[in-house]
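I opened a new page for this structure.

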Amino acid sequence: MAIPSGSGSEVIKHLHYEGVDNSTWRDLIGTQGSGTVSNHIYTIVSIIIGERAGSGSKLCRLRIVDSDGSSNEFMLYDGLSLPADGMYVINERFSVTGNKRLQFRGNSTSSDFNVYCTYIDQDWS
């Protein structure tokens with residue numbers, strides 16, 4: 001991660017997933033093998049999670065992990081419970097940089113979540 005020393009850009013972006021279950025981690029920020037883009041700072045503005053199975057409360061997980069997806073795991077939410085058709089909003093600000101990935105997945109059988117993430121992408125390349 002370079003220290004900003006010149007011009008750059010700052011853009012607000014979003015992404016969303018529908019139907020996230022407990023079978024695989026979904027990348028909100030960063031990618032397999034490389035993590036975040038070099039010389040970028042990603043500041044999370046909010047994450048909105050909606051339970052859509054409608055058949056009782058379900059658990060979900062949110063973590064920051066190295067780009068390989070298996071080491072240096074930091075669990076932000078582990079076993080966050082949402083009631084049937086419930087919603088949860090995470091609006092604490094935090095940043096993801098370097099070789100890190102921000103990931104989400106369900107943690108219950110028959111999990112079914114919608115996830116909407118808003119973030120600021122600062123590009124210093």
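**Cysteines.** I was working from a predicted model. I looked for disulfides and counted 0. The cut-off for a disulfide is 2.5 Å between sulfur atoms. Cys117 is in no disulfide either, with the sulfur of Cys60 as its nearest, 13 Å off. I then checked accessibility. Cys60 is buried, at 2% relative accessibility. Cys117 is buried too, at 0%.

**Core.** Next I looked up the largest nonpolar core, which has 23 residues. Which members touch the most others? I noted Leu28, Ile44, Ile47, Ile49, Leu62, Leu102 and Phe104. I also listed strands that each supply at least two residues of this core, among them S1 (9-20), S3 (40-51), S4 (58-66) and S9 (113-123). In soluble globular proteins, nonpolar side chains tend to be buried together.

**Ile49.** I picked Ile49 and set aside its neighbours within four places in sequence. Its remaining contacts include Cys60, Leu80, Leu82, Met87, Tyr88, Ile90, Phe104 and Phe113. Gly86 and Asn114 are also in contact with Ile49.

**Val89.** I ended on strand S6 (residues 87-90), where Val89 is found. Is Val89 buried or partly exposed? Val89 is partly exposed, with 42% relative accessible area. Beyond residues up to four places away in sequence, Val89 touches Ile47 and Ile48. I also took the C-alpha distance from Val89 to Ser46. These two are 43 residues apart in sequence and 6.9 Å apart in space.

Key
Residues are numbered from 1 along each chain as its sequence is written. This is a predicted model: local features need pLDDT of at least 70, side-chain atom pairs count only at pLDDT 80 or more; totals for chains, interfaces and linings use all residues. Side-chain values use heavy atoms; hydrogens and water are left out. A nonpolar core is a set of buried Ala, Val, Leu, Ile, Met, Phe, Trp, Tyr and Cys residues joined through side-chain atoms within 4.5 Å. Buried means under 20% relative accessible area, exposed over 50%, partly exposed in between (1.4 Å probe, protein chains only). Helices (H or I, at least four residues) and strands (E, at least two) are DSSP runs, numbered from the N terminus. Contact means heavy atoms within 4.5 Å.
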